[in-house]
Amino acid sequence: MKTYDLRNAGEGCIDNPALALLDVFAKRDRELQVIVKAEDIPLEVLRDVARSCGYEVKSSREEDGLLVAVLVRS
Amino acid sequence: MRNVKDDFPILKNRDIVYLDNAATTQKPKSVIEAIKEFYEYHNANIHRGIYPLAREATEMYEGAHERVAKFIGGKMEETVFVRNASEGLNLAAWILKDRIGKGDKIITTMSEHHSNFLPWFKIARMRGARVDVIPTKEDGSIDEEKIIEAIDSRTKIVAVQHASNVTGYITDVKEIARAAHDNGAVIVVDGAQSVPHIPIDVKKLGIDALAFSAHKMLGPTGIGALWMKADLLEEGEPFLEGGDMIKEVHYNSELQVIYNDLPWKYEAGTPNIAGGVGFAAAVDYLERYGMENILPHEQKLAKRIMNGLEEMGVPFVGPRDIKRRGGVVAFSVPGKNPYTVALYLGTKNVCVRAGYHCAQPLHESLGIKGTVRASLYIYNDEEDVEKFLEALEGMP
């Protein structure tokens, strides 16, 4: 399973955590793990975005302001 | 009553609330058909072929220049087709560079899109001049008085936006133009966010150059225009050299070039002919709709958005007086990253933009780390606005 660490995504119009997440989903991995700052992408938003991109959140945990989630293609 | 949305295939084919019109607009069937018809019945290179098909293509492309020029109250020979407003502004800077000497001044504002900001710094660097960046008012609106105060005899160029893609503020360009001319300066206007929404007459505005993009006014991408007074275009030098922009080239150990007439002097190589045809079709559509109807429609919807945001405790940038702004509303949801907001709204099929909108100095000067932007156009309606507000309110 690949892990995508999006904590260091930029904050510009063409480089930011939201676009980085969409780029990850576009890779169409069967199962993947993402690490994001929870303030950038809260779990509820991640769930909705994942669903709209054909993924489900399989498991998640939050610690020290980080959200670590495992997603599977639905 | 006729529903404008019916003219736009994508708005029937996709279940979306499209509020990213400051980035690009959707295309009516008439524009799509015009481009398709050009390729199916009239395609040939322009200004070169002797056969009838080539004459047709030439007439259509030249006719598009006439059409676009008339739309802004300009002349065909003053209307150069470019790829977009960004290219138009870069070209304007290039054409005007020889007017600037060491120690001279270029004036622009903190509110500009990067396209009307960076080219002036580049030209200033090349010529040993300086750029004075005029701060905005507290709400991000252009401060016309401060611009006028800053214009002096060392000022050679004033580069200012007509409407902001962040605050929606509509600049009083006429007054600035008068002050620029009183001091012998040239005024270049970024019309990317005004030409699609407001009836424009370059003569009445008293400006010297205006750049705008077709794709922000229902036309295709990859085509736009730089309108510039003929004497400035005559004195300037082309940025690109190549085919179609020269009448004669001789080389006998020394190069001799005779440039083509305006505006072709500035259109090197085979241009975006079909794009030009689509551009003209977009202008036709907008004129049928009535340019005078666009801003009031957008202001009505923008007002509803502003009220809805206020009810939710969401601050927006730009003036509160709706008469001073167009249909662009950029806002910051407290405690939420703008990208996250746009990402979430996207899952509800609401298309908005997030970030700096290519106006990072403005955001930084206002102390904001990006905004979410809802921007309106002729096909948006109350239902779109309510769906947007509802989705925003429902965000976890």
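**The interface of chain B and chain A**

Let me begin with one pair of side chains: B:Lys348 and A:Asp48 meet in a salt bridge, with 3.8 Å from N to O. Please keep in mind, as we go on, that this is a predicted model. Between chain B and chain A the count is two salt bridges, and the rule finds six residue pairs in polar contact across this interface, with both residues at pLDDT 80 or more.

On the side of chain B that touches chain A, helix 12, residues 338–347, and strand 13, residues 353–355, each supply at least two residues, and helix 12 gives the most, with five residues. By class, that side of chain B has seven nonpolar, five polar and three charged residues.

As for the extent of the interface, 15 residues of chain B are in contact with 17 residues of chain A, and the two chains bury about 1,200 Å² between them, 67% of it on carbon and sulfur atoms. Within chain B, the residues that lose the most area to chain A are B:Tyr339, B:Leu343 and B:Thr347, which together account for 45% of what that side buries.

A search of the whole structure finds zero disulfides over all chains. For B:Cys351, the nearest cysteine sulfur is that of A:Cys53, 13 Å away, whereas for B:Cys358 it is that of A:Cys13, 5.1 Å away, and a disulfide would need the two sulfur atoms within 2.5 Å. B:Cys351 counts as partly exposed because its relative accessibility is 24%, and B:Cys358, at 25%, counts as partly exposed too.

Methods. Residues numbered from 1 in each chain as written. Chains lettered and ligands numbered in written order. Predicted model: local features only at pLDDT ≥ 70, side-chain atom pairs only at ≥ 80, totals over all residues. Heavy atoms only, no water. Contact = heavy atoms within 4.5 Å. Buried area = accessible area lost by both parts, 1.4 Å probe. Salt bridge = Lys/Arg side-chain N within 4 Å of Asp/Glu carboxyl O. Polar contact = N/O pair within 3.5 Å; in protein donor to acceptor, adjacent residues only side chain to side chain. Helix = DSSP H or I, 4+ residues; strand = E, 2+ residues; numbered from the N terminus. Nonpolar A, V, L, I, M, F, W, Y, C, P; charged D, E, K, R; others polar. Buried < 20%, exposed > 50% of the residue type's maximum accessible area, 1.4 Å probe, protein only.
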